[in-house]
Amino acid sequence: MDGIYEYILDDLNLSGKLILDAAVGAAGATYHWAKKISQQGGNSKIIAVDNDFSGGWKEKIKKRLGEYSAFVELKEADIFDLSFLEDESIDIINCDDTIVFLNPVPLKLITAFKGFSRVLKENGLLIITSELPVSLEDDKENEGQWRRWQLAKAVYDLKGDTWSVEPRPEEVKSSLELLGFDIYDEKVFPARKIDDYQTTLEEWRGVMLRDIEGLDWINLKPALAEEIDSVCRKINNNGFMICPPTYVLKCTKGVERT
Ligand SMILES: C[S@@+](CC[C@H](N)C(=O)[O-])C[C@H]1O[C@@H](n2cnc3c(N)ncnc32)[C@H](O)[C@@H]1O
């Protein structure tokens, strides 16, 4: 992503550090962290957790990391249960594009932050990267993506599943400050237009149509299926999809307020 990893990594000393990557996902961010470790002497280690490595993801991640894989230990673990880590044992936590998944109900995210605070050393760093919730008012160009997102959430709810509550930066910052983190720098990276969106869009359409077919809401099904197609037409007419703005919060662990 344009400039984001430079912003995150340029002023970091990654020599002799134990780093927690929460969560590793497809290792997009992990790759940049591990490369920087290599450039700074190769004497740091990343413990990269995820609660889902199904589908051969451990192998895919190792392939993506290539030579930098040597600095990364992949560990299947739940971010809400970091009991395998000692108190104050971690120098830096990188939480990239994951907090949205840690908030299935309001305030749940705070539990994850509390766990981060426990395992971080005093003055340890927590770097959070997250997308801003897509908004329709701010930019009409977002309409296709906004509709896509709202439909996905609605269908998820109609299935009886729990969709995450998207945390806004204001609330994330208040929660962090309450737990004693000091936010020493932050930056918003603007939305980007993605031109090679077709595969993603087709995958999304397939998943949505399958989910709608399985709904018990008989009378809603045709209308929802038509809306899915109309969103695809809208995005195809635009010729791009919007990747929302991303914000980065750089924090140090301070003292929790009592
Ligand atoms: C968008 S991905 C992260 C992207 C990644 N940081 C990268 O750079 O490519 C989000 C990941 O969070 C994982 N995840 C969600 N909830 C989790 C939890 N409670 N514990 C551990 N991993 C979780 C998901 O399995 C998914 O792989």
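User: By class, what residues does the shell around the ligand have?

Analyst: Start by sorting the shell by class. In this predicted model, the shell around the ligand has 10 nonpolar, 5 polar and 5 charged residues.

User: Which residues come nearest to the ligand?

Analyst: There are 20 residues around the ligand. Ala23, Gly25, Gly28, Ala29 and Asn51 come nearest. Next, look for the elements behind the shell. Helix α2 (28-39) and strand β2 (45-50) each give two or more residues to it. The most come from α2, with 3 residues.

User: Now the helices. At what angle do α7 and α8 pack?

Analyst: Read the angle along the chain directions. Angles over 145 degrees count as roughly antiparallel. Here α7 (residues 198-213) and α8 (residues 221-238) pack at about 175°. Their axes are 10 Å apart. The two helices are therefore roughly antiparallel to each other.

User: Which residues make the contact?

Analyst: From α7 come Leu201, Arg205, Met208, Leu209 and Ile212. From α8 come Lys221, Leu224, Ala225, Ile228, Cys232 and Ile235. By class, this contact has 9 nonpolar residues, 2 charged ones and no polar ones.

User: And the strands? How many bridges join β6 to β9?

Analyst: Count the bridges, then check the sense. Strand β6 (residues 181-189) is joined to β9 by 8 bridges, and the two run antiparallel. Strand β5 (residues 120-131) also pairs with β9 (residues 246-253), in the antiparallel sense, over 7 bridges.

Notes: Residues are numbered from 1 along each chain as its sequence is written. This is a predicted model: local features need pLDDT of at least 70, side-chain atom pairs count only at pLDDT 80 or more; totals for chains, interfaces and linings use all residues. A residue is near a molecule or strand if its C-beta atom, placed from the backbone, lies within 6 Å of it. Helices (H or I, at least four residues) and strands (E, at least two) are DSSP runs, numbered from the N terminus. Ala, Val, Leu, Ile, Met, Phe, Trp, Tyr, Cys and Pro count as nonpolar, Asp, Glu, Lys and Arg as charged, and the others, Gly among them, as polar. Axes are lines fitted to C-alpha atoms, for helices over the stretch in contact, and angles run from 0 to 180 degrees between N-to-C directions. Angles under 35 degrees count as roughly parallel, over 145 as roughly antiparallel, 65 to 115 as roughly perpendicular and the rest as oblique. Two residues are in contact if their C-beta atoms, placed from the backbone, lie within 7 Å. Two strands pair if DSSP finds at least two bridges between them.
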